[in-house]
Amino acid sequence: MSSQDDQTGLSASSDQGHEEVDHDCTVNTDPKQGAVVCLGNNEVKSRAVVKYSAAPPPTSYALLQEKTDLKLPPANWLRESAQLGPAGTTVLGSSSKSKPFSSFGMAYDFIDSIGNDVDVVSDSENIKKLLKIPYSKSHVSMAVHRVGRTLLLDELDIQELFMRSSQTGDWTWLKEFYQRFIDQKWQRKKKSKEHWYEKAILSKFLYYSINGDGAAEPVPTTSDSGADVQEGCGTEYGPSWPATFSGSASSAEESTIPKEGLRNDFVRNILWTFEDIHMLVGSNMPIFGGGRYPAVSLRLRDNNKPINILTGIDYWLDNLMCNVPELVMCFHVNGIVQKYEMIKTEDIPDLDNSTFSTRVVKDIAQNILSFLKSNCTKEGHTYWLFKASGSDVVKLYDLTTLCEEATEEKCQNPFTLPVAVLLYKVASNMMMKKSQNRKHYGTIRTLLLNCVKLLDEERHPQIIASANYMLSELFQLDESSEEEDRGESLRGGGSEDSYSEDEEEEEEDDEDESGSYGTSSEPQDDSKAVAVIKSVGELSVPEKYKSTHQIRPSCAFPVSQDKEERCRHVLSYVLKGLKAVDSSIKKESDLPAADPSTPIPLKYEERDQSGTRAVEKEIALLLNRAGPCPGDMKLPTRSGMLPGSWQHRLKLQLFLKAAKAYYVLSDAATNLLKYGRALRYIKLALQCYDAYCAISSTLHARVLLFHSQCLSLCGDVQLMLAQNFSNRAAYLEEYSYQTKEDQEILHCLHRESPCQAFSMATDLGTDPEYQLFVSSKCYEAAHDLLTSEELKELGSDQLGQVLKRLGNIRNEVGVFYMNQAAALQTEKEAKRCVSVAEQELWKKSFSCFEKGMKDFEAISDTVNMALLLCNIGRLMRICAQAHCAMATEQSRGELSPEEALYYNKAIDYYQRAMRCLASRESHPAVWDSVNWELSTTYFTLATLLQDYAPLSRKAQEQVEREVTETMMKSLRYCDLQTESPRQPLYQYRAATIHHRLASMYHSCYRNQVGDESGRKQHRSLAELHYSKAVRLFLSLTDAPCELLRTLLERVAFAEFTMAGQSSSAVKLKTLTGALEIMKETHHAFRLILKELQEQQQREKTGQSGDTEENSDGLDTVASSELNTEEVIKLIGVFEPSFSFLLLQLVKLSSTTKRKVSGKEEELVKLYKQVYSRLLRADKTAPLIERVSLYLELLDELTPQTGTTDSGPAP
């Protein structure tokens, strides 16, 4: 790229580069204007930045000698020249003809500026023509298109258009409209001979000016200023008007657009800011170096014709747009060169006979822009700005609406495709700007919807498919965390001038209230006009139309917080895109024609072992899809697509987008506990992925990562279905339902693949074991994908989640097999050996637990490791129970070695779980659970050792020692201090342990003979544990029978002690202590009486035992019945024991040799009285009456001694 001198405001480039050379040009003119009122000073702001230049290195112009005859052609005339560009291209300045799609060529090249930054895109000739409207009587005919806030202006040559209409019939409707409403006597106007003469000598003059063979003397210059090449010819070529577009998309996107007339053929493209108006203009004005300035424009004028105001404005605007500071004028008479004159650009408005106000030109520009923006409101529509020759009225028509109203069949608008493609390109460019595109989603959506609305699917399937894919991309499915952040910008829509295609027609008349250009009072020919400027003189009035330039509401992007609604939007666009792609594929598929209205059945047949192996095979094949495909992949796909074609590329994108939408739908359904629906959606997601794999040569890492997410979610759904198997009927109904949209997408998928690769993994199984198996295989496949070479680095974040899921499913499968083993154990008849089926279930369960342990260990999840160890401990206890030895069919034998072994293994696993957690603070709930299970296991083992002592293998003393040790270990894990729901259970267990130990020592004391020291120790230990047991039972409100039993055993222990005593005084003391213990039963009887009264009350109110079972649960009824039976048994022990104590006390008190005090006599009398009532009590009386009697008798004894009815004896 060659650069200019620092002083110049223009740069030239021989290759297609972008230059930004800024130069502010302030033009001063004489404020003395006739009818023009200048506000303040007469300055206008102009800034030109060359965005692109195809000009060669700069060159000086040749100063022609006086009397040079321009009618004679130079030697180089019409030859291809490096300075003038290829021959045959116009270089004739204001006489050049604009191509009808020149603005689109520029828009395609500078797509970043379209829709937001630039107000107008047009040929510089069209800009000049608009700004000269108040001064000129010539006609104006331009096509106007809106893209966002940008207006595209192109010359609409009615003569050329109607000439074509006569040949093809394409524009007959417009010709008829023109003749009916505008010019009834239309005929083609021919150019005059003078016109062709002037163009010819201008062409020869330019060739003379670059000729260096001595025909002219070059002007010496030291400047490096650029000379922009212009393309010259001696004759005028008609505008290159393309035929009506009817081509169909076949290869690349650009190939669908006819190139004729759509290229950017300008020598330079300039971003011109005129006051506050930003314009992208194309210019072919020749620029040379020389003179006092590094850049000048060269003009040829007839000396006999003075410069008029139109020519002055023309020259001034050309120099402003191109940032040329000086004009060189060559005057001639009849083609003979007379003289040269140099004029500064700022002096042009003050030339004789062409004086004009720059402020007025600025007002004209602002008014025209406001008029067009206020009325050209619909993107995609073609508007026609028309002023008849000699008329002061400017009218604006909506040709798209007129075209739609035409009755003829062949009614085409040649602007339709270029406009649609431009809308698509602008939207696509906005989508590419990832850092900014969210705030423009409303604009992008409007552009794409208008693009699709304009095009015919049969002719342009590629653009339609691509547009629908981009529409689906607007709905972000994987950024839920950012929804709130972007909500406001999305609701606000796009840019300020972005209009929806759904705007009501009535809006077009909004501006009529201002009276600026109403149509009601106009003649008939205004009835079809969108808006009218009644007089061109109004354009010169400052801010005449500013009040009507109202910014309309932008197209708001539909933001929904509902995931399902967003996904449905995505799927609707994906389906439209797939249909467009399929319509362009010529070759019919080998598949029979499917009826979209017929649902495709979703299988859910029962699986056997062969089905299980098939699932494993399907999952194993997934990993083989990663990396390059070994096949040629140049063969057509199932539908006839060629790999690498646009259809192929778009289908890959659409399939993947659909898969992602269905994945999000499945995830949302899972969160709503709609597992049947979730399975249907993940099945569709995997079917989309299967179709993607069928047409893809390689699976990229991000695609594989998404696939692992799908498999993981599929595993989640299958797991939840297994856990909620009782609701299978409801899930089956959800799973079988299909929307019409889903059916149509499925049929599109079937054009490329049978979509059966994941059928077994996504079927609704008929048994939970199969569903758990499928779930584990899905997680395993996801894990294998994430640990493959392609995803080692990319999938590190997801690997931890999948490992956690994998550990969880293996725990679930282990628990499933463990529960099955437990069920077998309860169902089997009494037998001495363990079945093979049970052992197999144990092995399966243990294997799953071990694998789960490794998964959790890999991610250092100590809590779940502890839970798994806890489950293994439970499995060991089930194994222990299965090895229970049966003495007879009705009773079990002593504790077997295998049983003890498995219980000890269970204890080991529970202790490992405790070590994993380290402390209760790490996870209190899990710690408490493991602690309880460990205590329970110790207690169970100790109970079995005590009740079914293995005396055939061990000595009595050894068994007693083991029972004591095991009981104390269980007691150590009874957390009596921490307040929790388990605290009463711990208290009950601790009380039971003390009671059992006391009973054991009581038994040892009774049965041991000879060893007095041992008997004394056993007696003290029994007393200790009895007292602790009583204290703990007293703290409980729901264990009166256990309390009563413990107290009666303690009384019996005292009675046995008394039997071995010889002294009457000692015996009396022992019996008195036993009676004190007996009084403590008052608390137990009181609780029993309360419960019996409540039971009686329920019976009176009509609540039967069954009702109680329904309201309070089985445990309450069972415990009530058990209590009643147990109370009767305990009463059978209580009465004789109580009677014996009273009788013995009376006897010993009566036979004592020492003198009895009065108080003692009263006690003996009381004992006799209570004993008498106890003997006379009715043994057949209802239980509640007998209990009440016992309470009365105990109350009679209590006041005399001053003791309480609760608490252990002192």
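This is a chat about a predicted model of one protein chain.

Colleague: How many helices and strands does the chain have?

Modeller: The chain has 35 helices and 17 strands. This is a predicted model, and 55% of the 1210 residues of the chain count as buried.

Colleague: And what share of the contacts comes from residues 24 or more positions apart?

Modeller: Counting contacts with a separation of 6 or more, 78% are between residues 24 or more positions apart.

Colleague: How many cavities of 30 Å³ or more are there?

Modeller: The count comes to seven. The largest cavity holds about 120 Å³ of space.

Colleague: How does one find such spaces in general?

Modeller: A probe the size of a water molecule is rolled over the atoms, and this shows where empty space is left.

Colleague: Which residues line the largest cavity?

Modeller: Among them are Val120, Ile127, Leu130, Leu131, Leu151 and Leu153. The lining also includes Ile277, Met279, Ala365, Ile368, Leu369 and Leu372.

Colleague: How many of those are nonpolar, polar or charged?

Modeller: The lining of the largest cavity has 12 nonpolar residues, no polar residues and no charged residues.

Colleague: Which helices and strands supply at least two residues of that lining?

Modeller: Helix 2 (124–131), strand 5 (150–155), strand 8 (277–283) and helix 7 (358–375) each do. The largest share, four residues, is from helix 7.

Colleague: Let's stay with strand 5. How many of its residues are buried?

Modeller: Six of the six residues in strand 5 are buried, so the strand is mostly covered.

Colleague: Which residues point which way from strand 5?

Modeller: Thr150, Leu152 and Asp154 point one way, while Leu151, Leu153 and Glu155 point the other way, and all are buried. In a regular strand the side chains alternate between the two faces of the sheet.

Colleague: What does strand 5 pair with?

Modeller: Strand 3 (residues 120–123) runs parallel to strand 5, and three bridges join them. Ser122 has Leu153 as its bridge partner in strand 5. Strand 4 (residues 140–147) pairs with strand 5 in the antiparallel sense, over six bridges. There, Val147 has Thr150 as its bridge partner in strand 5.

Colleague: How many residues sit between strand 4 and strand 5 in the hairpin?

Modeller: Two residues lie between the strands, and Gly148 in this hairpin takes a positive phi near 65°.

Colleague: Where else is there a hairpin with two residues between the strands?

Modeller: Strand 11 and strand 12 form one, and in it Asn334 takes a positive phi near 55°. Strand 11 (residues 326–333) and strand 12 pair in the antiparallel sense over eight bridges. Val333 has Ile336 as its bridge partner in strand 12.

Colleague: Where is Asn353, then?

Modeller: Asn353 is in the loop between strand 12 (336–344) and helix 7. Asn353 is not a glycine, yet its phi is positive, about 70°.

Colleague: Is Asn353 buried or exposed?

Modeller: Asn353 counts as exposed, because its relative accessibility is 61% and the cut-off for exposed is over 50%.

Colleague: And what about Ser860?

Modeller: Ser860 also is not a glycine and has a positive phi, about 55°. Ser860 lies in the loop between helix 22 (836–858) and helix 23. With 57% relative accessibility, Ser860 counts as exposed.

Colleague: How many residues does helix 23 have, and how far does it reach?

Modeller: Helix 23 (residues 862–882) has 21 residues and reaches 30 Å from its first C-alpha to its last, close to the expected 30 Å. Of those 21 residues, 16 are buried, so helix 23 is largely enclosed by the rest of the structure.

Colleague: What about helix 29?

Modeller: Helix 29 (residues 1040–1059) has 20 residues, which should span 28 Å at 1.5 Å a residue, and its end C-alpha atoms are 29 Å apart, which agrees. Helix 29 is largely enclosed by the rest of the structure because 15 of its 20 residues are buried.

Colleague: Last one: where is Ala823?

Modeller: Ala823 is in helix 21 (residues 796–827). Ala823 is partly exposed, with a relative accessible area of 31%. Ala823 and Glu838 are 15 residues apart along the chain, and their C-alpha atoms are separated by 9.7 Å.

Key:
Residues numbered from 1 in each chain as written. Predicted model: local features only at pLDDT ≥ 70, side-chain atom pairs only at ≥ 80, totals over all residues. Heavy atoms only, no water. 1 Å grid on protein atoms, 1.4 Å probe; cavity = no way out; pocket = protein on both sides within 12 Å on 5 of 7 lines; lining within 4 Å. Points joined across faces, edges and corners; volume = space filled by probe spheres on them. Nonpolar A, V, L, I, M, F, W, Y, C, P; charged D, E, K, R; others polar. Expected span 1.5 Å × (residues − 1). Buried < 20%, exposed > 50% of the residue type's maximum accessible area, 1.4 Å probe, protein only. Pairing = 2+ DSSP bridges. Contact = heavy atoms within 4.5 Å.
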